[in-house]
Amino acid sequence: MSFPTDIEIAQNANILPIKDVAKKININENDLELYGKYKAKIPLSYINEDKIKQSKLILVTAINPTPAGEGKTTVSVGLNDGLNKIGKKSIVVIREPSLGPVFGIKGGAAGGGYAQVIPMVDINLHFTGDFSAIEKANNLLSALIDNNLQNKKFSLNIDPKTIVWKRVMDMNDRSLRNIIIGVGGAANGVMREEGFNITPASEVMAILCLSKDFEDLKDRLGNIFVGFTYDKKPIFARDLKAEGAMAILLRDAIKPNLVQSLENNPAILHGGPFANIAQGTNSILATKMGLSLADYVVTEAGFGADLGAEKFMNIKCHYGDLKPDAYVIVATVRALRYHGGAKKGEFENPGLHFLEKGIENLKKHIENAFKYGLKPIVAINHFQTDSIEEIDFIKNSCAELNVHAVIADEFTQGGNGMIDLAETLVKEIAEGTNNFHPLYNLDDSIENKIKTIATEIYGASEVAYSAKATKQLKNIYDLGFDKLPVCMAKTQKSLSDNETAIGRPTNFTITVREFEFAAGAGFVIPILGDMMRMPGLPNIPAAEGMNIDKNGVITGLS
């Protein structure tokens, strides 16, 4: 009999009423804001700063992934189940999925196999409406901008050619990347170039995930940069008096969401910024909520460690006053084959000669962890095509660096397949050898921050700037944003800015093509290469394989 699909496993799960899950972490059911029987929002009043300091934060990241991903979410959910199996009070805190990947090529983000969060269908679709609220708040600001352009009496004198704010929609739709609005005469607004980003790329998403409370949320929304006036003065959302109305739309979205794993352990999902163009982690509020309600919190950072984990360390930890107590790097044999030169069609075939080259990618990520004062644990996310020789090779290679590598078998065994990893993790946390520190000082210049990340984390030899980037950098200094953290926008497929440079590239130059800045979220964005903020659908979208029957049973969702 074939292994069941993710959705089949989820639909056959024994799911508890969410009020019963809440009891496990001492949440009064009368405090829950219910969204049906199986999901709820948690009031921010449950955040306890004193308890946060006593709890342990575990960050799960990965090597540079193959197009299919390496299973960070699956490992995170499974590790949380494993910790609960060995008697630890643990919560997994992860991001919400975007509809773009769900209907595109990657699928959802609720885990997989027997390491999932449920209700899987709800989570991968509209869930509690957070993405919709973010979309509406973003597009409200767009509407206010265009209204002001047409409003002669109360005009802010905004130059339409300088407007950087775009509309968003949570769907892959390449035809909306670059559009013309205001067509059809003056009654339909000022004609100008415009475009759509996907919702996870919205600065509102980044702001929601970095805000520490509702007042901070409003301040950050007001600080969103819109563009310049004709006489070169900066215009922010607060100049349009937009922040109050935007915050109203996010009144419920700011609260973390409570669901459960297949093993009925509590899970918190909140926010969903992408890691190649934003900070790539769940919200500060969700992480703090987990630390307030449990002794261990498992969380993940998007894409490879050079993206999500670097931003977790240098952006999220800064704004949230957080520090990871443990660091897990997810690796798969197939990804190491890929980094060793295996071509499509060879990823699933044992090949120790590929691993001997591909292991360098993992070694670089291990070395990077030590630069943050953290000794990592490698989780070998297990597949049936892995050979014993390949697994032993990974373990021995990690041992040479004084790092434990443990098989993670959560996909087929759930929490039972993660007991070894959970016990190894708890032991290393108890030893107290980790002493986290960020990679750079915020008082450094922007150029030095970029150079530190490029040389220390990516392994680049130098950094180059285009003429456009150099000019934009001057604007950032003039606006006083040079003391902000940097949020590097680059490909996730390589340690470099060249997606074809697999393994561990050396002697390469990182090129900053242009700059953006998210004044509300609080970071400067150096853009390396062409970054896609509105993906397109593949030739055969996942949506084509989805259906719903007369009884409302959904198939094809993953």
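Tutor: Ser397 has its place in helix H15 (residues 388-399); a helix here is a DSSP run of H or I of at least four residues, numbered from the N terminus. The model is predicted, so local features need pLDDT of at least 70 and side-chain atom pairs count only at pLDDT 80 or more, while totals for chains, interfaces and linings use all residues. Residues are numbered from 1 along each chain as its sequence is written, and side-chain values use heavy atoms, with hydrogens and water left out.

Student: Why is Ser397 called buried?

Tutor: Buried means under 20% relative accessible area, exposed over 50% and partly exposed in between (1.4 Å probe, protein chains only). Ser397 has 6%, and is therefore buried.

Student: What lies 2.8 Å from a polar atom of the Ser397 side chain?

Tutor: The backbone oxygen of Phe393 does. Leaving aside neighbours within four places in sequence, Ser397 is also in contact (heavy atoms within 4.5 Å) with Ile359 and Lys363.

Student: What makes H11 roughly perpendicular to H12?

Tutor: H11 (residues 284-293) and H12 (residues 305-320) pack at about 65°, their axes 10 Å apart. Angles of 65 to 115 degrees count as roughly perpendicular, and that is why H11 is so described relative to H12. Ile284, Thr287 and Lys288 of H11 meet Lys316, Tyr319 and Gly320 of H12 in this contact.

Student: How do you know that helix H8 is mostly covered?

Tutor: Eight of the eight residues of H8 (residues 203-210) are buried, among them Glu203 and Cys209.

How values were computed. Axes are lines fitted to C-alpha atoms, for helices over the stretch in contact, and angles run from 0 to 180 degrees between N-to-C directions. Helices (H or I, at least four residues) and strands (E, at least two) are DSSP runs, numbered from the N terminus. Angles under 35 degrees count as roughly parallel, over 145 as roughly antiparallel, 65 to 115 as roughly perpendicular and the rest as oblique. A polar contact is a pair of N or O atoms within 3.5 Å; within protein, one must be able to donate a hydrogen and the other to accept it, and residues adjacent in sequence count only if both atoms are side-chain atoms.
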